[in-house]
Amino acid sequence: AASSSVEAAASAEAPTEPVATTIDVAWLPPTVDHWRADLEKNAVTYGVDAELLAIVVLVEGGGDPAAKSPSGALGLMQILPLTGRHIATERKLKGHKSALLGEPAYNLDFGAWYLSQQLGTFQVADDRAHTVDLAAAAYNAGPGKLARFLNAEEKLSSETERYIRWVGGMWRERRAATSETYGAWWRAGGSKLVDRAASALKVDV
């Protein structure tokens, strides 16, 4: 059975609301706002909601350009070297090297493209919130694993379930003055990510 997170009800917003090309989220920390221009540029380039892109950057590493996970995921959007090679191959890009994923502009370009692919592949007609949940799951776990989950062949990990709650919840609350989901993420360990990012960027939070 599909998880309650993945099958969460859509927000009440009209499905015709345009995709955001600018970021206007009151509660985003300065470590993410630092990348506003680059996020908005890539959002327009790949047709991704700019505020969703910002939220993914927040959840992935708090805005830390030097973030590296235990599994080897790199940079602002925490792209695995294997995923980076896949993206380069799909886009027929020459000269790709995993080390380039450590460069913020390169990492954001790859991550925004990859997120756009998940949004397109798992799009649910007239239900942007559900589409965001599915795209978040695919971004975290991989599209193959999500497809198998949707076919009742495999379960999602607890990490992916949390990721859906964080990204989907914050996206639904992006118009609010404060976000309960952001607060929960902060208390669950997000504060450490933001603190590391603040240290790397030399900004106050």
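This is a predicted model: local features need pLDDT of at least 70, side-chain atom pairs count only at pLDDT 80 or more; totals for chains, interfaces and linings use all residues.
**Close-up 1. Helix H2 passes helix H3 in a right-handed crossing.** H2 covers residues 36-46 and H3 covers residues 50-61; they pack at an angle of about 125°, their axes 9 Å apart. That makes the two helices oblique to each other. On the H2 side, the residues that meet H3 are Leu39, Glu40, Asn42 and Ala43, and their counterparts in H3 are Ala50, Leu53, Ala54 and Val57. Sorted by class, this contact has 6 nonpolar, 1 polar and 1 charged residues.

**Close-up 2. Glu51 and Arg175 pair up in a salt bridge.** Their closest N and O atoms sit 2.8 Å apart. The two partners come from distant parts of the chain, 124 residues apart: Glu51 belongs to helix H3, while Arg175 is in the loop between helix H8 (158-172) and helix H9 (180-201). Glu51 is buried, at 2% relative accessibility, whereas Arg175 is partly exposed at 49%.

**Close-up 3. Arg172 forms a salt bridge with Asp133.** Here the closest N and O atoms are 2.9 Å apart. Arg172 is in helix H8 and Asp133 is in helix H6 (residues 128-141), so this pair ties together parts 39 residues apart in sequence. Asp133 is buried, with a relative accessible area of 1%, and Arg172 is partly exposed, with 24%.

**Close-up 4. Glu154 forms a salt bridge with Arg148.** The closest N and O atoms are 2.6 Å apart. Glu154 counts as partly exposed at 23% relative accessibility, and Arg148 is partly exposed too, at 35%. The structure holds 9 salt bridges.

Methods. Residues are numbered from 1 along each chain as its sequence is written. Side-chain values use heavy atoms; hydrogens and water are left out. Axes are lines fitted to C-alpha atoms, for helices over the stretch in contact, and angles run from 0 to 180 degrees between N-to-C directions. Helices (H or I, at least four residues) and strands (E, at least two) are DSSP runs, numbered from the N terminus. Angles under 35 degrees count as roughly parallel, over 145 as roughly antiparallel, 65 to 115 as roughly perpendicular and the rest as oblique. A crossing is left-handed if the near helix is turned anticlockwise from the far one by less than a right angle, and right-handed if clockwise. Contact means heavy atoms within 4.5 Å. Ala, Val, Leu, Ile, Met, Phe, Trp, Tyr, Cys and Pro count as nonpolar, Asp, Glu, Lys and Arg as charged, and the others, Gly among them, as polar. A salt bridge is a side-chain nitrogen of Lys or Arg within 4 Å of a carboxyl oxygen of Asp or Glu. Buried means under 20% relative accessible area, exposed over 50%, partly exposed in between (1.4 Å probe, protein chains only).
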